[in-house]
Amino acid sequence: MADSPRDSSPEGLVSSNSNSKYPNFEVDYVISYSLPPPSPPSQQLAEAEASFSQLIHLLSKTGFAVEVRPGRPPTTPTSPSSLLIFLRIASHSLLEKQIYRYRVQDWLYGVRTAAPGPPNSLSEQEPITDAERLRLAYLLITKPVNEGGAGITPGVGQWRFVKSVFPLHDRKFNKEWIKDWSTKYILDDEDLLKIRNQFGEKVAFYFAFLQSYFQFLLFPALFGSAAWLVLGGFSWVYAVVNCLWGVIFFEHWKVKEVDLAVQWGVRGVGKIQLPRPQFKFEREGLMRPYKRLARQALQVPFAGACVVVLGGLILGCFSIEIFITEVYMGPFKQYLTFLPTVLLTIFMPTFTTLLTKLAERLTELENYETVDAHQASFVQKIFVLNFITSYLGIFLTAFVYVPFGKILVPYLDVFQLTAQKFTVEGKPLPTKEWVINPDRLRKQVIYFTVTAQIVNFATEVIVPYAKRRIFKTVEKVQMEVKGEKGAGVEWPKDADEEHRFLKRVREEAELEQYDVTIDYREMVIQFGYLSLFSVVWPLTGCSFLVNNWIEARSDAMKIAANSQRPIPWRADSIGPWLNALGFLSWLGSITSAALVYLFNKSGGGQLGVGSVWDIPGWALLLAILCSEHVYLGVQFVVRGVIKRLDSPGLQKERAERFAMRKELLERMVEEEVVSAQAEKGVGVRDGEKITREVLEEEARQHSGLGPEKVFWLRQRGAGESVEVGRGLIQLVSLANNNTAKRE
């Protein structure tokens, strides 16, 4: 087994000062098992104990060596606690079989060009990376029992006490990673390969996209600076060049991600989709097409609800802001100007959270068989939410406030009439004559492209670190108040050689899980600002260039320090976000043409000077249509469209390949079941009789072993692991009685 050393440091989030060969104690995964609070007494604790016993036996039967240690102690009688379950693939042959099986599967699906050799020569044919080992180990934990796995689905059904399943960080790699990226301006293919081997292709594709996007930003940053100095805002020259840049970048990335997929050996891996454990079988496992189509059609009213709720909130706050800042001249104006911001800060996160939960519920209702299909549908809904919250305010300013402001502002008197009810004797509030503020649009674009980026950085990096420090301080104070015994139970102390390691694992167990979807969303929304509105302020590219250099390093720090190590999933592209990029690039050709035509005074734009009615509608429509057709023509040339016809011969070939895959995989599953029965109890010694002579002999054998080896010998198989866990659970159940006696 060609495992790469997984060195790390027990201290610090990205530091490494250990000389041990296995500072992670050869642990593959850690399960954080949550225990309900001991007080008030409930049936949940008994359910947690029964589920824990079943969990240990399933994992041991699947082929994992299991060790149990105390996790988070109960600081108060009403606070939850946890256990830590350490897993390691115990059988060398089991790992080889899993690698061989999935490499054969890749070959059958066309991901690999040649069939893999014998299982005992896999490491010689292709190195076994940490990412591959951890991915296959996670599949063993989560895939159904009838497929050779343990069938563990964290947080669902009988496994609701399983809080998380995560691999441990390689602290040595993290330290070198952050150090290298801090001294480089451009990341090369070797850097991306290291990320791929450590965190999997899904995370590596994000950093590859971010790096490619950063390199392409050099041109709009330089050209935008020149345009800002020479041409000013709303330049048709800048608009044309920016749209061409968007097309070239989009088409370049489509080719780039295919090239990376080939280099990383995952070309076409999207066809091998993981089944969703939450999928509900209908009609022998198939869902009626018309039923799913009807449920997918609910995306239309969902989008309408997003427009009504979020759009109504933004429009209302937008109107209040205009009235207070540009019409109202009464008392407390300097304080009332913050009212729209306060309203958005209070209600926007609430409404967004509710709509996000609704999106999750609708996606669950659509009942997809695979994880990829479920994720793609959810991303579509999230993109609608973010499109409204990110761009609607600028659209209102550009296409409502400026063109129709003189017509609509008189209706804002409703705010004045409402406020007069709170004045003495209902006196009219002092106001001033309203005029269009032509600089408002530029200020909005600057805010979203500069200030908002800084706020996002603080939210992602600084706030989680501060929250973690505050919570740790509060927990320390609670422990000091209650004493070291916490909730009335003396939590077992760690062995000296394991203390630093277990302390680090407990810290990682409390971290949030990393979601690459959030980072993709930020970059796609940022690309939208550049495509849609940078013609207003050409320095947008400069702002994003600086931001993204920092973003790449802060995202690396977020993974290494503020999140659990991600499961190393495979991918062959950036997924559904590619369609979002194409849509924003196309929409940018329309909005840029409209903004230039309406606001470029040298080109005949009337807004801010004359009336909207002075602009011929046919001319505006013609400008938009011409811009869109030029965009499509350039896209046609750049892409070189190749039409693919689905002939009956190809359909027959797919059917034959499917039958061959099914037959071979079924035969392999049967062989694994027979082999598993023959190797039943691998790595365990539950049936061995324990005598004094046996213990003395083991003590002599273990006296020369290092702590990473002794770690896996403290508990003699699943039986002792269950007993240790039950003992810890019983300590929690006694907490309420002990607390009552002390009081």
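**Helix packing, sheet and annotated spans**

Visitor: Is the crossing of H6 and H7 left-handed or right-handed?
Guide: Helices here (H or I, at least four residues) and strands (E, at least two) are DSSP runs, numbered from the N terminus. A crossing counts as left-handed if the near helix is turned anticlockwise from the far one by less than a right angle, and as right-handed if clockwise. For H6 and H7 the crossing is right-handed.

Visitor: What pLDDT do side-chain atom pairs need in order to count?
Guide: Residues are numbered from 1 along each chain as its sequence is written, and side-chain values use heavy atoms, with hydrogens and water left out. The model is predicted: totals for chains, interfaces and linings use all residues, local features need pLDDT of at least 70, and side-chain atom pairs count only at pLDDT 80 or more.

Visitor: How is H6 oriented relative to H7, roughly parallel or roughly antiparallel?
Guide: Axes are lines fitted to C-alpha atoms, for helices over the stretch in contact, and angles run from 0 to 180 degrees between N-to-C directions. H6 (residues 189–199) packs on H7 at about 155°, with the axes 7 Å apart. Angles under 35 degrees count as roughly parallel, over 145 as roughly antiparallel, 65 to 115 as roughly perpendicular and the rest as oblique. H6 and H7 are therefore roughly antiparallel.

Visitor: Which residues of H7 meet H6?
Guide: Contact means heavy atoms within 4.5 Å. From H6 come Leu192, Ile195, Arg196 and Phe199, and they meet, in H7, Glu201, Val203, Ala204, Phe207 and Ala208.

Visitor: How many nonpolar residues are in the contact of H7 with H19?
Guide: H7 (residues 201–216) and H19 (residues 540–562) pack at about 160°, with axes 10 Å apart. The contact includes Tyr206, Phe207 and Leu210 of H7 and Leu545, Trp549 and Ala552 of H19. Ala, Val, Leu, Ile, Met, Phe, Trp, Tyr, Cys and Pro count as nonpolar, Asp, Glu, Lys and Arg as charged, and the others, Gly among them, as polar. The contact of H7 with H19 has 1 polar and 2 charged residues, and the number of nonpolar ones is 12.

Visitor: At roughly what angle do H5 and H19 cross?
Guide: Trp177, Ile178 and Trp181 are among the H5 residues in this contact, and Trp549 is one of those from H19. The axes of H5 (residues 171–182) and H19 come within 10 Å, and the crossing angle is roughly 170°.

Visitor: Which strands stand at the edges of the sheet?
Guide: Two strands pair if DSSP finds at least two bridges between them. The open sheet has 4 strands in the order S2-S3-S1-S4, with antiparallel pairing. Strands with a single partner have one side left without a neighbour in the sheet, so the edges are S2 (64–70) and S4 (162–166).

Visitor: Which residue in S3 is the bridge partner of tyrosine 29?
Guide: S1 (residues 29–35) and S3 (residues 81–89) pair in the antiparallel sense over 7 bridges. The partner of tyrosine 29 in S3 is leucine 87.

Visitor: How far apart are the end C-alpha atoms of residues 445–466?
Guide: An unreviewed UniProt entry annotates "transmembrane region" at several spans, including 445–466; UniProt positions are in the numbering used here, feature names are shortened, and annotations may be inferred rather than shown by experiment. Residues 445–466 are 100% helix and 0% strand, and the end C-alpha separation is 30 Å.
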